[in-house]
Amino acid sequence: MRSYAWTLKWTSQQPEMRGDTVKSAVRDLEAQAGGASGGFPAAPYPSAGAYFEAYAAESARAVKTVEPGALDRAAAVLLEAYARRAWVFSCGNGGSAAIANHLQCDHVKGVRTATDLLPRVVSLSANVELLTAIANDVGYEDVFVYQLQSQAGPGDVLFAVSSSGRSPNVVRALEWARDHGLRTIAVTGFDGGAAAAAAEVSVHVGCANYGVVEDVHQAVMHALAQNIRHSRMTPAAISSSVF
């Protein structure tokens, strides 16, 4: 494997390289980055542009690993919950927390627009005061399940986002939800981990790059919101609306 220092030296010594020569060099590095042993990236790239091109290709590959049937099942669970005014709770850590928070926005505001649905969605990752109080006094592994114990009931839904599928607080929340009559959706990456195994519906992205996995998870969240929304709209309303 070439070192990062070697790549800088290689690029600095080749100012005359243009066109097909540069593309060929980029393809060589991309081939290394796509190796099965280390996932993406597996080697340095000669420029940010070359890296972005490979990143986009890996993102496109990762999107194709998502099972359409899993998305159908997730959409059905959410739509059924929204239709009967059940609560949907979302959660995640780090970048996945941002997706959980964004889900509350798009699945309340977006899904409601021009439909008969009035979704009830709460992100368990959104209240920093509550999160830090539970983490400090009880334990960070319980920050989501503690909230569910106070707010959730049978028939509600937990939508859990975890790139690795191994976050203890996410796994605990899924297991508690499963054992207390909630329906569960896990959106994961890497090998899915215990989160995928614990969920009723597993939406899995077959990729081992956090950025790519989070990007696809965000797309999954958006696609679910938009699909649920247009499922309750007339063709005329869909064609005249902005999604």
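Of the 243 residues in this chain, buried residues make up 44%. Please bear in mind throughout that the model before you is a predicted one. The chain contains eleven helices and five strands. If we take the contacts between residues at least 6 apart in sequence, 66% of them join residues at least 24 apart.

Let me begin with the sheet. Its five strands form an open sheet in the order β2-β1-β3-β4-β5, and the pairing is parallel. Which strands form the edges? They are β2, residues 120-123, and β5, residues 201-204, each of which pairs on one side only. On average, and ignoring direction, neighbouring strands of this sheet are turned by 15° against each other.

Consider one of these pairings in detail. Strand β1, residues 87-91, runs parallel to β2 and is joined to it by four bridges. Within this region, serine 90 stands opposite serine 123, which belongs to β2.

Two helices deserve mention alongside the strands. Helix α4, residues 68-83, lies across β1, β2, β3, β4 and β5, and runs at about 130° to β5. Helix α5, residues 95-112, also packs on the sheet; the strands touched by α5 are β1, β2 and β3. The direction of α5 makes about 160° with that of β2.

Is threonine 184 buried or exposed? Its relative accessible area is 2%, and therefore threonine 184 is buried. A polar atom of the threonine 184 side chain lies 2.8 Å from the backbone nitrogen of glutamate 200. Leaving aside residues up to four places away in sequence, threonine 184 touches several others, among them Leu158, Leu174, Ala177 and Arg178. Its contacts also include Ala198, Ala199, Glu200 and Val201.

The next topic is the aromatic residues. The structure holds seven aromatic pairs. One of them is made by phenylalanine 40 and tyrosine 55: the ring centres are 6.3 Å apart and the planes stand at 65°, so this pair is edge-to-face. Where in the chain do the two partners lie? Phenylalanine 40 is in the loop between α2, residues 19-33, and α3, residues 48-63, whereas tyrosine 55 is in helix α3. The two are 15 residues apart, and their pair links distant parts of the chain. Both phenylalanine 40 and tyrosine 55 are buried.

Tyrosine 55 has a further aromatic partner in tyrosine 51. In that pair the centres are again 6.3 Å apart, but the angle between the planes is 40°, and the arrangement is classed as tilted. Both tyrosines lie in helix α3, four residues apart, which is about one turn of the helix. How do the two compare in accessibility? Tyrosine 51 has a relative accessible area of 28% and is therefore partly exposed. Tyrosine 55, at 18% relative accessibility, counts as buried, because the limit for that class is under 20%. Taken together, Phe40, Tyr45, Tyr51 and Tyr55 form one aromatic cluster.

A ring elsewhere in the chain has a charged neighbour. The charged end of arginine 229 sits over the ring of phenylalanine 243, at 4.3 Å from the ring centre.

Proline 41 is found in the loop between α2 and α3.

Which residues other than glycine have a positive phi? I shall name two. One of them is alanine 114, with phi near 65°. Another is phenylalanine 190, with a positive phi of about 50°. Phenylalanine 190 lies in the loop between β4 and α9, residues 193-198. Its relative accessible area is 26%, so phenylalanine 190 is partly exposed.

Notes. Residues numbered from 1 in each chain as written. Predicted model: local features only at pLDDT ≥ 70, side-chain atom pairs only at ≥ 80, totals over all residues. Heavy atoms only, no water. Phe/Tyr/Trp six-rings, centres within 6.5 Å; stacked < 30°, edge-to-face > 60°. Buried < 20%, exposed > 50% of the residue type's maximum accessible area, 1.4 Å probe, protein only. Lys NZ or Arg CZ within 6 Å of the ring centre and 35° of its normal. Polar contact = N/O pair within 3.5 Å; in protein donor to acceptor, adjacent residues only side chain to side chain. Contact = heavy atoms within 4.5 Å. Pairing = 2+ DSSP bridges. Axes fitted to C-alpha atoms, helices over the stretch in contact; angles between N-to-C directions.
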